[in-house]
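This briefing covers a strand arrangement, a chain contact and a helix pair. Please read it alongside the structure shown here.

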Amino acid sequence: MSEAFWRGAVNRRAKNLALMKPFFDLEANKGMTVDLGDYDMHLLCSVLMEAIIAEMGGITAGAPYSAVLRELSKVVLKVNPAATAGEVDRIASHIIDHLSSGRGRDHFEVSYQIIAESGAVEKLSHVYRLLEQRLSPEDELVYVATSEAIHIYLSGLGHELEAEQAANDAILDHYLRRGKHKEAGEAADMERKRSVELRAQLRGWLIAAERSFDEIQYAAKVLPELAEIRQRVEARGPVEQRQIEEIQSRALQLPPGDDGRVNLINARKAIEDASLEHTRLLAELQRCSRTLLDWQSHHRFRRGESPAIPDPLTGFLQPLLRLTHAELAVAIPRLWPLLVPPRLPVLPDLPALMDSLLADTRDPHELSELEPMPENYEDIVAPKRFSPEVCAAADELLATLGASFTLSAALAATAAKFGPASPELSYVSVLVPRWFELEGDDDRIARPTGGPISVPGFFGDELTVTKGTAA
Amino acid sequence: MTSEQNGGIYEAARLLRLALNARETVARSADYQQLLQRFHTDPEFRETTQQIARGLDLQIIELARDIGLAVVNIAEGPYAPTLDDFRSNMRARERIVYGLLLAMLTAYVYPSRRAVGELDDSSVVSIELRALVEWASTTSRQMKSIANVEDVANADLRAGFESIAVLEPFGDGQNTLQYRLRYVLNWLADHGLFLRREEGGRELWIARPHFRVQARFLMLSSHDRLIEFLGARADGTTTPTS
């Protein structure tokens with residue numbers, strides 16, 4: 001074994017061992033917060049990872065909590081048949097909290113040593129996550145395993161994906177030839193997981209490239225790597241097709257209901273899923289390639305972590321909390337617009353306002369998720385603004401004004417008959433302008449005639465009302 | 001102006017309109033996906049969109065490709081919210097408490113530079129209200145204990161952490177951290193920055209990637225202003241005015 005090969009292998013494995021620390025921590029500290037003494041956390045983590053990676057190949061591209069719970073409960077109940085649903089939930093939540101680094105608020109950071117080319121031992125550190133939370137297209141929370149987590153879970157010591165895939169193909173062929181159908185099914189399922197891993201690896205690689213695009217050489221390094229992955233994925237097609245045909249022909253030789261036949265059908269399903277995963281991977285590759293090409297051609301580099309960002313706790317929150325009320329009274333209104341998103345102002349809508357004023361009651365406001373503020377909320381019945389008697393009296397008066405009249409004339413006539421503070425006058429003041437916005441069932445039209453209203457106490461443009469619909 | 005240019009302006013404005021709504025995502029809208037693709041591949045279209053945004057005193061921030069764009073306010077633009085948008089009948093002291101709670105929430109959700117800096121990360125953070133309340137109470141009380149402050153008659157001279165520390169974490173009524181932080185979270189959910197979900201009987205509040213943009217923007221922009229305030233205090237000069 002060459003020195004360089006040996007060094008590469010031990011360095012890679014040392015890092016992989018260090019990356020497993022969160023799993024070991026979970027087992028070592030299992031009695032500290034939640035009593036998990038009866039359970040082997042390595043096994044539960046393994047079940048959880050299995051469930052999540054399997055769901056990552058599905059339509060939501062991640063595992064909903066219910067799927068994690070379902071898979072974990074199978075094992076928890078075997079260890080403790082009396083375990084309640086609440087206990088399973090507590091265990092699942094505890095593992096997820098830990099492996100997702102406080103549900104996304106933090107990262108894991110491990111230090112490890114490597115042997116450098118010079119032969120000296122150097123200390124390095126690696127920041128990473130194992131589980132992440134994402135939103136599905138339907139805005140539901142799903143869990144995904146990072147490329148590091150998949151790598152660790154699928155026995156990442158000395159990991160080399162392409163070689164493992166080739167080995168897996170050989171194992172599958174071997175089991176099929178020997179008639180070991182159950183084992184063949186398991187090998188096929190491993191194929192599917194490798195496909196998920198490859199996609200996660202590509203995604204992680206793209207994110208890494210996005211963050212340091214200005215440091216990587218697109219033509220020299222990125223392009224060949226993309227081409228290599230593409231070639232590898234395309235080569236899977238014929239292999240998977242051959243495996244499916246092989247499984248199919250062997251399954252047909254077995255009688256219906258035979259265990260071996262069921263295993264082979266499951267194996268075929270797993271290979272088909274893997275094939276689907278590869279199709280998705282090709283699409284991602286295409287997108288990734290196009291994206292990088294765009295960046296390259298436009299010389300546009302994404303901003304990474306800005307050193308200008310203050311530490312959220314010591315550089316932002318604590319200084320803010322130390323300000324006095326007098327200072328905060330000035331600071332808060334200046335900072336406020338920065339924290340909340342732009343709001344779309346509501347444009348004035350006169351016809352809607354008129355409709356609202358003429359409506360008997362307000363529509364209940366159901367869109368807001370905000371709870372009513374008890375201090376502002378008074379359970380009172382709003383008085384009806386205009387009674388049917390008021391409306392009828394005003395309508396009767398307007399009918400006496402003839403086929404054409406001005407808004408001022410209508411207001412003056414109403415004030416003279418019912419008084420300047422009468423509800424009839426208020427009703428006419430909002431009813432007449434409503435005809436300005438012609439609606440299908442209106443039998444009157446109001447048009448501006450120029451100049452203001454000439455009745456004291458009212459402001460706005462003069463309108464002339466005519467009977468009949470618009471020409 | 002050619003009809004092609006007109007079409008570009010129309011589509012750029014449409015993209016901006018979609019980006020202004022934090023609830024819209026590329027995953028759910030084919031229209032958004034198409035416009036975003038053009039934004040990333042057509043430099044002229046990209047420039048047009050950014051110019052329209054600048055004209056409206058807005059700034060476009062790119063999120064992960066599967067999420068879309070986010071928009072933040074520049075200076076005192078027409079879309080900048082005012083304090084009156086949030087419980088308009090509040091007294092001045094109440095505004096301060098709610099403003100500080102909002103700042104505490106951002107620091108709790110993104111407690112490190114790394115967490116607040118990952119704009120292109122499509123992963124989300126979820127929190128539980130109980131843990132947030134406990135953290136806010138402990139943080140403010142620790143600050144009060146370290147500062148060893150004496151009671152002062154003039155409320156204007158009290159520090160911000162005292163207003164938070166004096167609130168009971170849990171209990172009935174409005175005068176608790178739990179009530180007020182829930183109100184803030186509900187308000188942010190109404191603006192599309194948070195989602196509330198149930199998981200195994202627990203209530204989870206999920207911060208959308210758009211909230212990270214606002215938090216980052218707040219922290220970056222407030223830094224200089226905080227230094228200005230603390231500098232004025234150290235010099236013994238009057239508090240900067242707006």
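Two strands count as paired if DSSP finds at least two bridges between them. The model described here is predicted. In chain B, β4(B) and strand β5 (residues 202-207) pair in the antiparallel sense over six bridges.

**Sheet in chain B**
- Within this pairing, E198(B) has E203(B) in β5(B) as its bridge partner.
- The open sheet in chain B consists of three strands in the order β3-β5-β4, and the pairing is antiparallel.
- The edges are held by β3 (125-127) and β4 (194-199) of chain B; each has a single partner strand, so one side of each is left without a neighbour in the sheet.
- On average, with direction ignored, neighbouring strands of this sheet are turned by 30° against each other.

**Contact between chains A and B**
- Chain B contributes 84 residues to the contact and chain A contributes 67 residues.
- Helix α9 (residues 209-235) of chain B supplies 14 residues, the largest share of the side of chain B that touches chain A.
- That side of chain B comprises 45 nonpolar, 25 polar and 14 charged residues.

**Helix pair in chain A**
- Helix α4 (residues 65-79) and helix α5 (residues 85-99) of chain A have axes that come within 10 Å and cross at roughly 115°.
- The crossing of α4(A) past α5(A) is right-handed.
- From α4(A), V68(A), L69(A), L72(A), S73(A) and V76(A) meet V88(A), D89(A), I91(A) and A92(A) of α5(A).
- By class, this contact of α4(A) with α5(A) has seven nonpolar, one polar and one charged residues.

How values were computed. Residues are numbered from 1 along each chain as its sequence is written. Chains are lettered from A and ligands numbered from 1 in the order in which they are written. This is a predicted model: local features need pLDDT of at least 70, side-chain atom pairs count only at pLDDT 80 or more; totals for chains, interfaces and linings use all residues. Helices (H or I, at least four residues) and strands (E, at least two) are DSSP runs, numbered from the N terminus. Axes are lines fitted to C-alpha atoms, for helices over the stretch in contact, and angles run from 0 to 180 degrees between N-to-C directions. Two residues are in contact if their C-beta atoms, placed from the backbone, lie within 7 Å. Ala, Val, Leu, Ile, Met, Phe, Trp, Tyr, Cys and Pro count as nonpolar, Asp, Glu, Lys and Arg as charged, and the others, Gly among them, as polar. A crossing is left-handed if the near helix is turned anticlockwise from the far one by less than a right angle, and right-handed if clockwise.
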